[in-house]
Amino acid sequence: MVSLVLSLVMGCKKGTEPGPPVEIPFVRLLEGESMQSRIFGQPLKYSVLLPADYKTSGVSYPVVYLLHGYGDNYTAWAKAGNIQLLSDNQGTNIVPMIYVMPDGYNSYYVNNFNGAGRYMDMFTTELVPEIDKIYRTKKEASQRAVMGYSMGGYGALILPAKNPGIFQISVPLSMSFRTDEQYMTEPQNVFNSQWASIFGGIGSSGAARLTPYFKEYSPFYFFDQSDLSGFSHLKLFLDCGDDEESLSVTSGALHNLLRDRNFSHEYRMGDGGHSFSYWNKEIPEALRYISQGFSATAAYQPDPDPVSVGTLISTDEYLTEPLAASSLQLGIFHPVGYSA
């Protein structure tokens with residue numbers, strides 16, 4: 001009887017011996033992560049893309065916060081934005097980075113004028129510390145960048161501009177914002193639903209829309225000063241497609257203002273409109289700009305596109321004619337041998 005009991009006991013022990021450790025696969029793209037926000041009183045969802053060597057390197061990485069556009073959510077950059085593919089394709093052209101993609105709702109990434117929605121406060125005092133606590137991040141402002149498209153383009157500008165101690169690299173793509181003239185003439189229903197809930201002035205028209213809160217958060221005001229030394233931290237890369245209509249006007253006007261104030265920045269206008277088919281063409285250079293911003297203090301050196309000069313136009317193919325009732329001159333191209 002004793003032998004039988006011992007045999008059963010030994011058999012049980014043998015059966016409970018641990019097997020070889022199971023290796024958990026490393027997943028770089030973490031979708032649907034969440035942080036309980038005290039400010040919002042609810043969870044904030046976000047996605048994270050980690051560097052390929054994150055599991056084995058043991059080192060810390062700079063962070064790029066990727067902001068989505070109006071009506072999108074935290075999944076947009078990983079899906080339509082193809083950020084993993086575009087980043088990986090850069091290889092050694094860029095330093096390894098952690099990409100964080102938070103849900104931005106339709107907040108424009110700022111606090112509402114009436115305090116009802118404090119998105120910027122949540123971002124700077126809750127989200128950034130949470131990411132720094134969970135992941136191996138470099139925690140200096142010089143090692144944090146913000147890139148976004150459309151509404152997220154405005155967020156990518158306003159977050160570093162207003163929080164220099166937290167972010168220092170800004171990449172707005174097709175930034176959704178308005179000059180004063182555009183803002184005052186925005187259709188009433190669009191103004192009420194998209195802008196007034198953020199900056200105040202619901203139901204107003206014309207100059208009454210230019211509330212003090214709007215001016216406080218408008219780059220056409222806070223950059224419109226002779227001394228921009230308060231923004232000396234800011235590394236800025238503006239980009240917008242030439243088919244953007246109103247947004248290309250906005251970006252062009254901001255570029256002109258910064259140029260006239262001798263504020264160093266990069267400005268791109270390419271062939272395309274308001275979609276990822278355009279942004280995905282621009283993101284590779286934007287990532288190189290961010291990477292150089294993380295790595296060095298020297299001015300960004302873009303890779304120039306090769307230029308080949310074709311056959312020059314001869315004087316026989318070009319005429320200059322005065323425009324009737326005007327002092328303007330018209331340049332006219334015509335086939336060789338053409339006669340009026």
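Student: Let's start with side chains. Which side chain does Asp-88 meet in a salt bridge?
Tutor: Asp-88 meets the side chain of Arg-28, at 3.1 Å from N to O. A salt bridge here is a side-chain nitrogen of Lys or Arg within 4 Å of a carboxyl oxygen of Asp or Glu. Before we go on, this is a predicted model: local features need pLDDT of at least 70, side-chain atom pairs count only at pLDDT 80 or more, and totals for chains, interfaces and linings use all residues. Residues are numbered from 1 along each chain as its sequence is written, and side-chain values use heavy atoms, with hydrogens and water left out.

Student: Ok. Which parts does the pair of Asp-88 and Arg-28 tie together?
Tutor: Asp-88 sits in helix H4 (residues 83-89) and Arg-28 in the loop between helix H1 (2-15) and E1, so the pair links parts that are 60 residues apart in sequence. The names come from DSSP runs, numbered from the N terminus: helices are H or I with at least four residues, strands are E with at least two.

Student: Is Arg-28 buried or exposed?
Tutor: Arg-28 is buried, with a relative accessible area of 16%. Asp-88 is partly exposed at 38%. The cut-offs are under 20% relative accessible area for buried, over 50% for exposed and partly exposed in between, using a 1.4 Å probe and protein chains only.

Student: How many salt bridges are there in the whole structure?
Tutor: A search of the whole structure gives 10. One of them joins the side chains of Asp-224 and Arg-261, at 2.3 Å from N to O. Asp-224 is in the loop between helix H10 (219-222) and E7, and Arg-261 is in the loop between H11 and E8, so this pair ties together parts 37 residues apart in sequence. Asp-224 is partly exposed at 40% relative accessibility, and Arg-261 is partly exposed too, at 30%.

Student: What about Arg-268, which side chain does that one meet?
Tutor: Arg-268 meets Glu-285 in a salt bridge of 2.8 Å, N to O. Arg-268 lies in strand E8 and Glu-285 in helix H12 (residues 276-295), so parts 17 residues apart in sequence are tied together. Arg-268 is buried at 17%, and Glu-285 is buried at 16%. Glu-266 joins in as well: Glu-266, Arg-268 and Glu-285 form a network of salt bridges.

Student: New topic: the sheet. What's the strand order?
Tutor: The order is E1-E2-E4-E3-E5-E6-E7-E8, in an open sheet of 8 strands with mixed pairing. Two strands count as paired if DSSP finds at least two bridges between them. Strands of a sheet pair through backbone hydrogen bonds, either parallel or antiparallel.

Student: And which strands are at the edges?
Tutor: Strand E1 (29-37) and strand E8 (266-270), each of which pairs on one side only. On average, neighbouring strands of this sheet are turned by 20° against each other, direction ignored. For angles like these, axes are lines fitted to C-alpha atoms, for helices over the stretch in contact, and angles run from 0 to 180 degrees between N-to-C directions.

Student: How do E1 and E2 run?
Tutor: They run antiparallel, with 7 bridges joining E1 to strand E2 (residues 42-49). Leu-30 stands opposite Val-48 in E2. E1 and E2 make a hairpin with 4 residues between them, and Gly-41 in the turn has a positive phi of about 70°. On from there, E2 pairs with strand E4 (residues 98-102) in the antiparallel sense over 4 bridges, and Val-48 has Val-100 in E4 as its bridge partner.

Student: What about E3, how many of its residues are buried?
Tutor: 5 of its 5 residues. Val-63, Tyr-65 and Leu-67 are buried on one side, and Val-64 and Leu-66 on the other. E3 runs parallel to E4 with 3 bridges, and parallel to E5 with 5 bridges. Val-63 has bridge partners in each: Ile-98 in E4 and Arg-144 in E5.

Student: Last one: which strands does helix H6 touch?
Tutor: Helix H6 (residues 151-162) packs on the sheet and touches strand E3 (63-67), E5, E6 and strand E7 (235-241), at about 155° to the direction of E5. Contact means heavy atoms within 4.5 Å.
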